[in-house]
Amino acid sequence: MIKNYWQSNIPKTHQLIAIANNRILKIMKRVSDIREEIALLEKGEVPETMEGIPFGYVAKIINEAPKNEIAIHYGKESKTKLKFQNKEDKNACFNLIRSQLKGFNYKNKLPYMWEYAKGKIIAIFILTAIFLYSYCVAVEIEKGVKFELEGSKPGIGAIVLFFASFGSFNVFAGYLTLLTLLLLLLYNRLKQRSVLEYLIRN
């Protein structure tokens, strides 16, 4: 008999995930409290306590390497994630779903760098804009120019003046430090980029 359920000890996640009766089932309980559900699954029965997503509602499934997660897109815009204890359990579940789903196309692809790390790339652009502005203001302050904030909600201006008050050298040094940190985070993120597997409804 092919195993159709997987347990997890990860806190605040579904401790039991199963594939049965053309549904993706899950339940969040303590590991010690799911013995009854496991016993029913081993008999080929579906526990009433487990909520399920019918295969007919599924629009897309993504095997999210390198994470131990499977993303289930269903209905119009709903989404849930199945989190597994390890990669082997995740891949076993994905392959079982793939073997049972009808009317779906399988494909895999390496995500584009922008798609995979856009958050950190945007952060670098925002950081550069703020520090470039702060550096220019710091240089003017060192020349004797005075700046005053206007309005009750100064916003970005207050941030720029705060950084500029440290002087142009410190602004530049601070920018290089933060930029180096962000570039290292970006590099580590891109190193984790790996092929994603998709099941997409025809």
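Predicted model: local features only at pLDDT ≥ 70, side-chain atom pairs only at ≥ 80, totals over all residues.
Reader: In what order do the five strands of the open sheet stand?

Author: In general, strands of a sheet pair through backbone hydrogen bonds, either parallel or antiparallel. Strands here are DSSP runs (E, at least two residues), as helices are (H or I, at least four), numbered from the N terminus. Two strands pair if DSSP finds at least two bridges between them. In this model the order is β7-β6-β5-β9-β8, with antiparallel pairing. Strands β7 (78-83) and β8 (104-109) each have a single partner strand, so one side of each is left without a neighbour in the sheet. On average, neighbouring strands are turned by 15 degrees against each other, direction ignored; the axes behind this angle are lines fitted to C-alpha atoms, for helices over the stretch in contact, and angles run from 0 to 180 degrees between N-to-C directions.

Reader: How many bridges join β8 to β9?

Author: Six bridges join β8 to β9 (residues 196-201), and the two strands run antiparallel. Asn105 stands opposite Ile200 in β9.

Reader: How many salt bridges does a search of the whole structure find?

Author: Side chains of opposite charge can pair when their charged atoms come close. The criterion is a side-chain nitrogen of Lys or Arg within 4 Å of a carboxyl oxygen of Asp or Glu. The search finds three salt bridges. In one of them, Glu64 pairs with Lys81, their closest N and O atoms being 3.3 Å apart. Glu64 lies in the loop between β5 (58-63) and β6 (69-74) and Lys81 in strand β7, so this pair ties together parts that are 17 residues apart in sequence. Glu69 and Lys81 also meet in a salt bridge (3.5 Å, N to O). That pair links distant parts of the chain, Glu69 in strand β6 and Lys81 in strand β7, 12 residues apart.

Reader: Is Glu64 buried or exposed, and is Lys143 buried or exposed?

Author: Buried means under 20% relative accessible area, exposed over 50%, and partly exposed in between (1.4 Å probe, protein chains only). Glu64 is buried at 13%, and Glu69 is buried at 15%, while Lys81 is partly exposed at 29%. Lys143 is exposed at 62%. Lys143 forms a salt bridge with Glu140, with 3.7 Å between the closest N and O atoms; Glu140 is partly exposed at 30%.

Reader: Which residues of α2 are buried, and where around the axis do they lie?

Author: The expected span of a helix is 1.5 Å times one less than its number of residues. Helix α2 (residues 87-100) has 14 residues and reaches 20 Å from its first C-alpha to its last, close to the 20 Å expected. Its buried residues are Asp89, Lys90, Cys93, Phe94, Leu96 and Ile97. They cover an arc of only 160 degrees around the axis, which puts them on the same side of α2; the arc is that of the directions from the helix axis to the C-beta atoms. At the start of α2, a side-chain oxygen of Asn86 reaches to within 3.2 Å of the backbone nitrogen of Glu88.

How values were computed. Residues numbered from 1 in each chain as written. Heavy atoms only, no water. Polar contact = N/O pair within 3.5 Å; in protein donor to acceptor, adjacent residues only side chain to side chain.
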